[in-house]
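Colleague: Please take me through one part of this model in detail. I would like the aromatic pairs, with the setting of each ring.

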Amino acid sequence: MKTKHSLLALLLALSLCLSLCACAAAEDAAFDAALPVRVMTLNGSTGFGMAGLIAASDAGEAALNYRFSVETDASNVTAALVSGDCDIAALPTNAAAALYNKTQGKVQVLALNTLGVLYLVCDKSADIQSFADLEGETVFVPAQNPSFLFSFLCKANGVNVEIDNSFAQPAELNGAVAAGSVQIAVLPEPLLTVARAQNKDLVVALDLTEEWDKVAEPGSLVQGCVVVRSDFAAEHPAELRVFLEEYGASVELLSADPAAAAQKIEAAGIFAKAAVAEKALPRCNPCFIVGEEMQQRLGAFLEILFESAPQSIGGALPGEDFYCILK
């Protein structure tokens, strides 16, 4: 009898424990649907993955109370993160690392959203089939990150190339390439698609993502990400999980239904023409990578930038707390 009573007591205790665990899990999963979540994104490929979520929010179908803003200048986004006027943002990965260093860890990276978007293009008079063919050539490259990455690739391949930053902004270089006044250049998508539509003699000679994988850790060319203010991540983990679920589904739309995604991209003001966005999407290499894989890929990328252009990431490698990995 005593054994039966002991067994019954044990079963009751286990039942109570499971009930408490279930309650705790339910409590952890609860989120505040009314909480304003301020999200900023840049136009262009870094913002493509946000378009579906913006559309869902506008239609009243999103789980959270999002307040979206699409910006053309990354400095507006970083300033809003610093001031606390923005909670979550899509930024270039090097800008995210630089902001972490500038603010002593007040922002964290939440997800990777864009792999490599750079391509070396030339007119038909140039015969460029490998980096070796660039020896002694002048290549026009947008300033800052594209130049840092291309310079690394030139050094890794042992070729001497003159990098010309006369057209510092990608849009400026795109116009020169489209007009045929530049023979060899590095362009990002989706501007590359625009240039090729205007200049039929333009050839995509090298996919710089493929070239990167030959000389660095494969998959480590990661150019776009989503960041979160560290205070927001600490105070609202449940809402952050919901955002990640909805954002992941939004990114998935880019490959599942490119035509519909392109329409949403145009409607959100992330890129001017849906037709161009749809055509460019495969070469924009959108992704949704979180957790340890995010840290591994981004860590490898930032190590290369730190060695080759430390100023591009704020002069130091971010600490472990840069990576927001939800448990």
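Modeller: What follows covers the aromatic pairs, one after another, and then a strand and a pocket. Note that the model is predicted.

The structure holds 11 aromatic pairs. One of them joins Y100 and F322, edge-to-face, with 5.2 Å centre to centre and 65° between the planes. Y100 sits in helix α4, while F322 belongs to the segment after α13 (291-308), so this contact ties together parts 222 residues apart in sequence. Y100 counts as buried because its relative accessibility is 9%, below the 20% cut-off. F322 is buried too, at 0%.

Another pair is F140 with F167. This one is tilted: the centres are 5.9 Å apart and the planes are at 55°. F140 is in strand β6 (residues 138-140) and F167 in the loop between β7 (162-164) and α6, 27 residues apart. F140 is buried, with a relative accessible area of 17%. F167 is partly exposed, at 26%. Elsewhere, Y66, F68, F243, Y247 and F288 form one aromatic cluster.

Now the strand. In β8 (residues 184-188), 5 of the 5 residues are buried, so the rest of the structure largely encloses this strand. I184, V186 and P188 point one way, A185 and L187 the other. β8 pairs antiparallel with β5 (residues 118-123) over 5 bridges. There, V121 stands opposite A185.

Last, the largest pocket. About 1,200 Å³ of space lies in it. Of its 36 lining residues, L42, P92, P146, Q169 and P170 are the closest to the centre. Helices α4 (93-102) and α6 (170-179) are among the elements that each supply at least two lining residues. The lining divides into 18 nonpolar, 16 polar and 2 charged residues.

Conventions:
Residues numbered from 1 in each chain as written. Predicted model: local features only at pLDDT ≥ 70, side-chain atom pairs only at ≥ 80, totals over all residues. Heavy atoms only, no water. 1 Å grid on protein atoms, 1.4 Å probe; cavity = no way out; pocket = protein on both sides within 12 Å on 5 of 7 lines; lining within 4 Å. Points joined across faces, edges and corners; volume = space filled by probe spheres on them. Helix = DSSP H or I, 4+ residues; strand = E, 2+ residues; numbered from the N terminus. Nonpolar A, V, L, I, M, F, W, Y, C, P; charged D, E, K, R; others polar. Buried < 20%, exposed > 50% of the residue type's maximum accessible area, 1.4 Å probe, protein only. Pairing = 2+ DSSP bridges. Phe/Tyr/Trp six-rings, centres within 6.5 Å; stacked < 30°, edge-to-face > 60°.
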